[in-house]
Amino acid sequence: MQVEEKKEFTPLIVAFCCNWCSYAGADLAGSNRLNYPANVKIIRVPCSCRVNPLFILRAFQRGADGVIMCGCHPGDCHYTTGNYYARRRMTTLFSMLDYLGIEKERTRVEWVSAAEGVKFAATMKDFAETIQKLGENRKLRDLRCEK
Amino acid sequence: MQRIGVFVCWCGTNIAATVDVAKVAETLKSEPGVVFATDYQYMCSASGQEIIKNAIKEHNLTGVVICSCSPRMHEATFRKTVQAAGINPYMLEIANIREQCSWIHKDKEEATEKAIILGRAAIAKVHLNAPLTSMESPVVKRALVIGGGIAGIQTALDIADAGFEVDIVEKQPTIGGKMAQLDKTFPTLDCAACILTPKMVDAGSNDKVNLYTYCEVDKVEGFVGNFKVTIKQKPRYVDATKCTGCGECTTKCPSRKNPNEFNMGFDNRGAVYIPFAQAVPKVATIDPDDCIYMKTGKCGLCAKVCTAGAINYEQKEEFITKEYGAIVVATGYNQIKPTEFEEYGYNNYKDVVTSLEFERLMNAAGPTGGHLLRPSNGKEPKKIVFVQCVGSRGQSCRDKSYCSKICCMYTAKHAMLVKDHYPDVDVTVFYIDVRTPGKNFDEFYRRAVEEFGVHYIKGMVGKVEEEDGVLKVQASDLLANAQIHMDADMVVLAAAIEPDKSARPLATMLTASMDTNDFFTEAHAKLRPVESPTAGIFLSGTCQGPKDIPETVSQASACAAKVIGLLAKDHLLCNPCVAHSNETLCNGCSTCANVCPYGAITYEDRLVMDKGVRETRRIAVVNEAVCQGCGACTVTCPSGAMDLKGFANRQIMAEVDAICR
């Protein structure tokens, strides 16, 4: 019987960032050289309301250990109301995921403005630490996708 | 299958120091569809762009992935590059490996691996990109300037100079703003009124400039080139077209106990008033809260003395709707009332004033005719203490975290003017740092110290208390490491400046972003300082950050140049990343139209061919000129008929898959 060497777990985190606030906030974190874990990968969307719950399910299905969605602060949406829709959708989705066994801590919504580079880096650091503690997500992973 | 080229930028050492660029290019070469991959020192340079163009032609590329800085930085540059080489500008994707990779990670292996994954995601997306063409929309050749201070006036005059119509909306009865209240201006000691009022007159008489004073912006619709703005004209209760500005009513008005805002409440005005002698337009305004006739129905004296018959107590607010190609925000600042800073005694002692109040006390047109007198007893002060950084550069919740920028210089000015008019008055300034970066600024400050003998003490004031009509100032001298107890007749607080209160609701109307201090955010801190990230919205003056007059005027003119550049175009290219509905999937349920913030979705009966059946169905149709591409409809659509071009479901899914691979 072969014993596989146990590798240290590094979580995979997908971050959806709206183009106007959070993506710019992430850029600012970069310009200010604010370090956060490399396992956070950002996907740019025009607005947080563009994030389809299916994208988040897909990420979990394909092996993401945590998904975070960042948008403009409520009231500051570039498209006036987009983040309100996003907030409602994510609240519903996350409670449903929690019910299905994807812990609430694995999903998060955070409002980060274009000026909040520090907040962006701190949020990502904190989220990555939380997921690290939670360990691997196996619940939704599609077995057919595994090698 | 696409033929994709991958270009990895070193950005000098910005990327190359932490990311193994050669390895990234080499690894991405083996991705499906990639036929060419290379790395180069500066992809955005002329020679870098040449490499991209040559590769497109040589390898017949259909899609391009550039691994470089943020797309917010150079997406537009590279779109032009690929277009010049003959492929659609939207067949380009950028992997952000600088701001979101090399700059934040120190471990080279980790950063290289992340750069490869980000590159993969971009390649996966480009595979699903489709050529997009921008629609054209016409530009309304008229600009709106919100705020009629020096910033708004300068921007408006410069735009008018280029031959475009411009409207100024000002909420006060006159234009002029804060600068009209100032006495002298640093570093030349020009009289503020002497340099401002001619500009006010210019704005009032220029036939390209329309003034909407005592007005507010009520509603903003539309987008760059085609804004539709509703302006609310507040009732003046005076017919502005008839009023000659003679001032007869203002002297006869029996309601006299209303604090005069222009003089910071140091004297009173009538219920009907003209803010100051050089007001533009010089038209009286009745304050309905102070007017005896409006409150009791008895009086009407102003109507009796007005020979022009301009008084109209029945005036109602009016709404004016106009179209604009560009909107300039010039809402300016206010000085905070230091009521929360109880240690300085501003709430309790009349002789503790803010610097803007002091400005009125020094002004020849002010309540004391330019004679500096103590507000408490009307006597000349012998000792004056200035306190800097009141509410600026602090960490507590009552403080602003930023430097208000103008206080060091105007305090030096005040100190100098006091010493100039009253050489025997003792002037002391308490400071944390003296910041004088500006042309002739440090020379000015040194004159205050060396020539006029103003005492500068590094340290903060801890307490101000009044005893027998004398202010007892307790402070620390940080350089001498000593506690100081000092008597003063007046204490002047350099209170922080903050954006005008109207800025926040206005930003919401304009969908322009603000920072946590309510200053408007610029599109790029260095390269696009006078534009908001929202297309067609421009920033002028202190609404963007603390500024002195020279800086405000330069920014105002820069802002005008940008507006002129926009208005000079006949057509604008719209963002082609808009929603579209798949007519075979759409069932016309109206869910999408309900969430659209722009009203871009309408319904039409269309002949649809579905599964071999031809039938007429009600389907959603997106007006591409109105759609701004937020994507709210795409997620809300229950049948999955709505999708967003450039950020399609399949594209984002492909990115997710590539990242999670």
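1. Tyr237(B) is found in the loop between β12 and α8 of chain B. Helices here are DSSP runs of H or I with at least four residues, strands are runs of E with at least two, and both are numbered from the N terminus. Tyr237(B) is not a glycine, yet its phi is positive, about 60 degrees. Why does Tyr237(B) count as buried? Because 24 other C-beta atoms lie within 10 Å. The cut-offs are these: buried means 20 or more other C-beta atoms within 10 Å of the residue's own, exposed means 12 or fewer, and partly exposed is in between, with C-beta atoms placed from the backbone.

2. A word on the source: this is a predicted model, in which local features need pLDDT of at least 70, side-chain atom pairs count only at pLDDT 80 or more, and totals for chains, interfaces and linings use all residues. Residues are numbered from 1 along each chain as its sequence is written, while chains are lettered from A and ligands numbered from 1 in the order in which they are written.

3. Gly245(B) sits in the loop between β12 (226-233) and α8 (248-252) of chain B. Gly245(B) is partly exposed, because it has 17 C-beta neighbours inside 10 Å. Beyond its neighbours within four places in sequence, Gly245(B) is in contact with Ile274(B), Lys282(B) and Val283(B). Contact means that the C-beta atoms of two residues, placed from the backbone, lie within 7 Å. Take Val283(B): 38 residues separate it from Gly245(B) in sequence, but C-alpha to C-alpha the two are 4.9 Å apart.

4. Next, the cis peptide bonds. One joins Val280(B) and Pro281(B), with omega about -5 degrees. Pro281(B) lies in the loop between β15 (272-273) and β16 (285-286) of chain B. Another runs from Phe186(B) to Pro187(B), with omega near -5 degrees. Pro187(B) is placed in the loop between β8 (184-185) and β9 (190-191) of chain B.

5. Lys405(B) is not a glycine, but has a positive phi of about 70 degrees. Look for Lys405(B) in the loop between β21 (383-390) and α12 (407-421) of chain B. Lys405(B) counts as partly exposed, because 18 C-beta neighbours lie inside 10 Å.

6. Now a hairpin. Strands β24 (residues 461-467) and β25 (residues 470-477) of chain B pair in the antiparallel sense over six bridges. Pairing requires at least two DSSP bridges between the strands. Lys463(B) has Gln474(B) as its bridge partner in β25(B). Two residues lie between the strands of this hairpin, where Asp468(B) takes a positive phi near 50 degrees.

7. Helix α15 (residues 549-567) of chain B has 19 residues and reaches 26 Å from first C-alpha to last, close to the 27 Å expected at 1.5 Å a residue. The expected span is 1.5 Å times one less than the number of residues. Its buried residues include Ile549(B), Cys559(B) and Leu567(B). Among the elements they pack against are β6 (142-146) and α6 (150-161) of chain B.

8. Finally, the whole chain. Chain B holds 18 helices and 34 strands. Of its 661 residues, 48% count as buried. The C-alpha trace of chain B spans about 90 × 65 × 40 Å along its principal axes. The centres of domain 4 and domain 5 of chain B, taken over C-alpha atoms, are 63 Å apart. Domain bounds come from an automatic or database domain assignment.
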